[in-house]
Amino acid sequence: MTPKKKLKVLALFDAIAPTTLDQDLSEEFLTEDWKTEVHVLNALRELGHTTEYLAIFDDLDLLQQKLQSFQPDVIFNLADQFKNNRAFDQNIVSFLEMNGVPFTGCGSTGLTLCKHKGISKKILSYHRIRTPAFVVIARGRRIARPAKLRFPILIKPLKEEASLGISQASFVSNDEQFKERVQFIHDKYANDVIAEEYIHGRELYVSLIGNLRLDEFPIRELVFKEVPPDEPKIATFKAKWDDEYRERWGLKNQFAEDLDPAVVRDIQQTCKRIYRLLTLDGYARMDLRLTEDNKVYFIEANPNPILASDEDFALSALKAGLSYPQLIERILRHALRAVRG
């Protein structure tokens, strides 16, 4: 087998304050917040690629200068916000598309469709993929629950990620709670709201990789061991990121157990359909609910999910036989083959 050509890779990060072209990030790299960037950089170097990095905050001219001076073969894109605004991840990718430089992860159309949770659910509902019944309530509009939307209901920011804005208070059981929580999201997060019926069931995460041809990795599950049966089981911000909270309620991400092989096949085929219908490419993770009678409900699609070696996506790839450096190499090669524009 011919060894693959070594590449010039520019790892692109986002920063929370203005940066310079040759910013020293060695202190940041020692913190937990930057572990994904560190893991990816180490893997790229282990693979033998010539690697440089750039962090951007609000100045795309820095990126233009870096592209001219370094002339990378491919960008490893880990920048998912601009000016501390996560809604701009698709705009960063649009800039890369216009510059004609190959980049890892999802293109701008897929990012745009997935960012707006209401649009993604409308597309999938049209194609008869189950989604919770929902309504979108824009800021400035009268807050009212449509009669057809049944309690209990989950109230979420329309365009946030990583469960930001989701807490136990997001689970509402009457109209007073409904109005109060919608107003809170409008005010605190300056975000429109998606309100959707709560689906009782297992919380499953399915990781996929590819462009035209897709591979799916073993299914992960968030289990709620200490949460009483009559309490809501929701992936709140604390449930995902607060270790003390996770320990107290027995929350654990693990590989899904006791799934019937026919159900696994149904989940995988459904996720592949979702991936294509939402024009995703590169790599993504689907968040699903599986009811007691094995009905699959789409909750959310996450293009460019967290890539740290100890998070769900990489752990699923490892279970499928891909070491972390092999996963990073696969993502790079998909970037070089992606058709953009």
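Predicted model: local features only at pLDDT ≥ 70, side-chain atom pairs only at ≥ 80, totals over all residues.
User: Which residues of H9 are buried?

Analyst: They are Val263, Ile267, Gln268, Thr270, Cys271, Lys272, Ile274 and Tyr275, where buried means under 20% relative accessible area, exposed over 50%, and partly exposed in between (1.4 Å probe, protein chains only).

User: What makes the reach of H9 close to the one expected?

Analyst: Helix H9 (residues 261-277) has 17 residues, and its first and last C-alpha atoms are 24 Å apart, close to the 24 Å expected at 1.5 Å a residue; the expected span is 1.5 Å times one less than the number of residues.

User: How do you know that Asp260 caps the N-terminal end of H9?

Analyst: A side-chain oxygen of Asp260 lies 2.8 Å from the backbone nitrogen of Ala262. A polar contact is a pair of N or O atoms within 3.5 Å (within protein, one must be able to donate a hydrogen and the other to accept it, and residues adjacent in sequence count only if both atoms are side-chain atoms), so the distance of 2.8 Å falls inside the cut-off. Just after H9, Thr279 takes a positive phi of about 50 degrees.

User: Why is the pair of Asp192 and Arg139 called a salt bridge?

Analyst: The side chains of Asp192 and Arg139 meet at 3.0 Å, N to O, and a salt bridge is a side-chain nitrogen of Lys or Arg within 4 Å of a carboxyl oxygen of Asp or Glu, so the pair qualifies. Asp192 lies in the loop between helix H6 (175-189) and strand S7 (193-197), and Arg139 in the loop between strand S4 (134-137) and strand S5 (153-157), so the pair ties together parts that are 53 residues apart in sequence. The structure holds 22 salt bridges.

User: What does the salt bridge of Asp215 with Arg330 tie together?

Analyst: The closest N and O atoms of Asp215 and Arg330 are 3.3 Å apart. Because Asp215 lies in strand S9 and Arg330 in helix H11 (residues 324-337), the pair ties together parts that are 115 residues apart in sequence.

User: What separates Arg333 and Glu329 in helix H11?

Analyst: The two residues, whose side chains meet in a salt bridge (2.6 Å, N to O), are four residues apart in H11, which means a separation of about one helical turn. Arg333 counts as buried at 11% relative accessibility, and Glu329 likewise counts as buried at 12%.

User: Why is Ser120 called buried?

Analyst: Ser120, which lies in helix H5, has a relative accessibility of 4% and so counts as buried. Leaving aside residues up to four places away in sequence, Ser120 touches Leu113, Cys114, Leu278 and Phe298, and a polar atom of its side chain lies 3.0 Å from the backbone oxygen of Lys117.

Technical notes: Residues numbered from 1 in each chain as written. Heavy atoms only, no water. Helix = DSSP H or I, 4+ residues; strand = E, 2+ residues; numbered from the N terminus. Contact = heavy atoms within 4.5 Å.
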